[in-house]
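I opened the notebook to look up salt bridges in this structure. Below are my entries, in the order I made them.

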Amino acid sequence: SGSIHEFADSQFGHLFASGKDREQARRNMVLALKELSIRGDISTTIDYISQLIELQDFVDNHIDTGWLDALIKQNVDGIGVAENMLKSRKSDVKSTPLHNHSYVV
């Protein structure tokens, strides 16, 4: 039936992207995330991940294992706000581009 049981693992699916280099794979992932359609009342982190992989540090591959924690702590471009919203399981997180930055509303 294509349904997900209410007690199912939160990782019910995975999305992979490839390309001739890291930048092409990243762009393919951005496009795939934008085109992804999930029907039903299912909370996802799609908008959050899309926002993260379009940040300049990610594009330039200037990231490490503490990168995301630092973004959340500094609340860079609303990332901390988005994280708090995701923790509360809200599914209506939207990002809006403004002056080459994404802001969570």
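I began with a cut-off: a residue counts as buried under 20% relative accessible area, as exposed over 50%, and as partly exposed in between. I also note that this is a predicted model.

Entry on Glu23. I looked up its accessibility and found 22%, so Glu23 counts as partly exposed.

Entry on the search. I asked how many salt bridges the whole structure holds. The search returned two.

Entry on Arg26. I found a salt bridge from Arg26 to Glu23, with 2.8 Å between the closest N and O atoms. I then looked up where the two residues sit. Both are in helix α1, which covers residues 22-35, and they are three residues apart, so about one helical turn separates them.

Entry on Arg27. I found that Arg27 also forms a salt bridge with Glu23, and here the closest N and O atoms are 2.7 Å apart. Arg27 and Glu23 are four residues apart in helix α1, about one turn of the helix. The relative accessibility of Arg27 is 51%, so I wrote this residue down as exposed.

Entry on the network. I noted that salt bridges with shared partners join Glu23, Arg26 and Arg27 into one network.

Definitions and conventions: Residues are numbered from 1 along each chain as its sequence is written. This is a predicted model: local features need pLDDT of at least 70, side-chain atom pairs count only at pLDDT 80 or more; totals for chains, interfaces and linings use all residues. Side-chain values use heavy atoms; hydrogens and water are left out. A salt bridge is a side-chain nitrogen of Lys or Arg within 4 Å of a carboxyl oxygen of Asp or Glu. Helices (H or I, at least four residues) and strands (E, at least two) are DSSP runs, numbered from the N terminus. Buried means under 20% relative accessible area, exposed over 50%, partly exposed in between (1.4 Å probe, protein chains only).
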